[in-house]
Amino acid sequence: MKILDLRSDTVTRPTPAMKEVMMQAAVGDDVFGEDPAINSLEEYAAGLFGMELALFCPSGTMTNQIAIRVHVKPGDEVICDKLSHIYHYEGGGIAYNAGASVRLLDGDRGRFIPADVLANINNPEDIHAPISRLLSVENTCNKGGGSIWDFAQLKALATISRDARLAYHLDGARLFNALVETPENAADYGRIFDSISICLSKGLGAPVGSLLLGDAAFIKKARRVRKVMGGGMRQAGFFAAAAEYALKEHVNRLKDDHGRARAIAKIIGKYNFVQEILPVETNIVIAKMKAELHVPQLLSALKDAGILAVTMGGNTVRFVSHLDFSEDDLNCFETQFAEAVKKVS
């Protein structure tokens with residue numbers, strides 16, 4: 001029995017080629033700005049997005065939280081979708097790190113429209129309400145099943161943000177999953193956002209790290225906040241070398257993950273205890289089970305059959321494809337899923 005770990009695309013391990021690049025990396029003290037591999041990564045990524053500077057951090061949670069801390073002051077408000085990662089999965093960091101409140105929008109799988117934002121910007125003259133300071137979007141949206149934003153909508157939101165004097169942040173943890181499925185490129189995003197966070201240890205397969213991008217003034221402040229949060233790293237160039245390799249070599253292959261995710265959805269969709277599967281646009285499959293199926297029991301049966309998955313709350317189960325899940329593994333998945341079903345039928 002083969003263990004198929006589909007809990008997340010964070011479970012990947014460095015490829016042999018990536019390990020070789022890591023071993024050859026030239027490193028130094030990054031807090032002094034002297035790590036050549038980190039400097040190279042930051043310069044490459046900033047150029048890719050057409051933004052002035054980038055900052056290498058240990059995690060996507062840190063890059064998002066640094067951005068929020070720089071953009072807002074205590075008592076301000078962050079506007080985001082009710083499914084946003086910055087709200088659900090970052091430990092209450094918006095309140096803890098920035099002292100800000102949150103206005104949640106009720107979008108479609110994590111995506112909202114300009115009218116939603118316009119209806120939720122507070123009057124800055126009303127002393128009873130927090131000042132709306134930051135608009136954040138997540139592309140792709142994790143809890144939305146890897147949903148992709150329409151770029152025209154993102155541009156429209158950029159206009160609203162400028163007019164309302166809101167900072168505009170992109171949680172682009174899985175942005176490259178969207179980019180391989182749409183006509184836009186990274187520089188298109190760099191032109192409309194004030195700050196962008198990208199994760200390198202998810203679908204791209206690097207072992208550690210995320211990048212925060214913005215203009216020089218923003219990144220100067222972000223570097224100070226990173227230090228306060230304990231994110232000042234020393235000889236982290238080994239990780240940066242892996243990350244730059246991932247950006248250069250692992251983007252196009254994301255479409256393979258998307259194809260396998262659609263195949264997973266097709267396999268599990270054959271069973272009558274599956275009530276609904278969210279549209280599979282990228283590498284995330286979220287299936288809603290019928291009420292009579294006990295999700296913890298299913299997850300346990302799947303684990304016994306060698307398939308690791310997670311729930312996204314309620315009666316849902318999530319599977320995430322990644323570079324360590326091959327075409328042969330997909331064949332194993334079908335067989336092993338059927339074995340698990342026998343235990344819960």
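Student: Which residues of helix α11 are buried?

Tutor: Buried means under 20% relative accessible area, with exposed over 50% and partly exposed in between (1.4 Å probe, protein chains only); by that criterion, the buried residues of α11 are Gly 237, Ala 240, Ala 241, Ala 242, Ala 243, Glu 244, Tyr 245, Ala 246 and Leu 247. This is a predicted model, in which local features need pLDDT of at least 70 and side-chain atom pairs count only at pLDDT 80 or more, while totals for chains, interfaces and linings use all residues. Residues are numbered from 1 along each chain as its sequence is written, and side-chain values use heavy atoms, with hydrogens and water left out.

Student: Against which elements do the buried residues of α11 pack?

Tutor: Taking contact as heavy atoms within 4.5 Å, they pack against the helices α1 (16-23), α2 (36-49) and α8 (175-179), and against the strands β2 (53-57), β7 (195-199) and β8 (210-214).

Student: What span should the 13 residues of α11 have?

Tutor: The expected span is 1.5 Å times one less than the number of residues, so α11 (residues 237-249) should span 18 Å, which agrees with its end C-alpha atoms being 18 Å apart.

Student: How many helices and strands are in the chain?

Tutor: Counting DSSP runs (H or I, at least four residues, for helices; E, at least two, for strands), the chain has 14 helices and 12 strands. Its radius of gyration is 21 Å, close to the 20 Å of the globule rule for 345 residues, so the chain is as compact as a globular protein of that length; the radius is taken over C-alpha atoms, and the rule is 2.2 Å times the number of residues to the power 0.38. Of the 345 residues, 57% count as buried.
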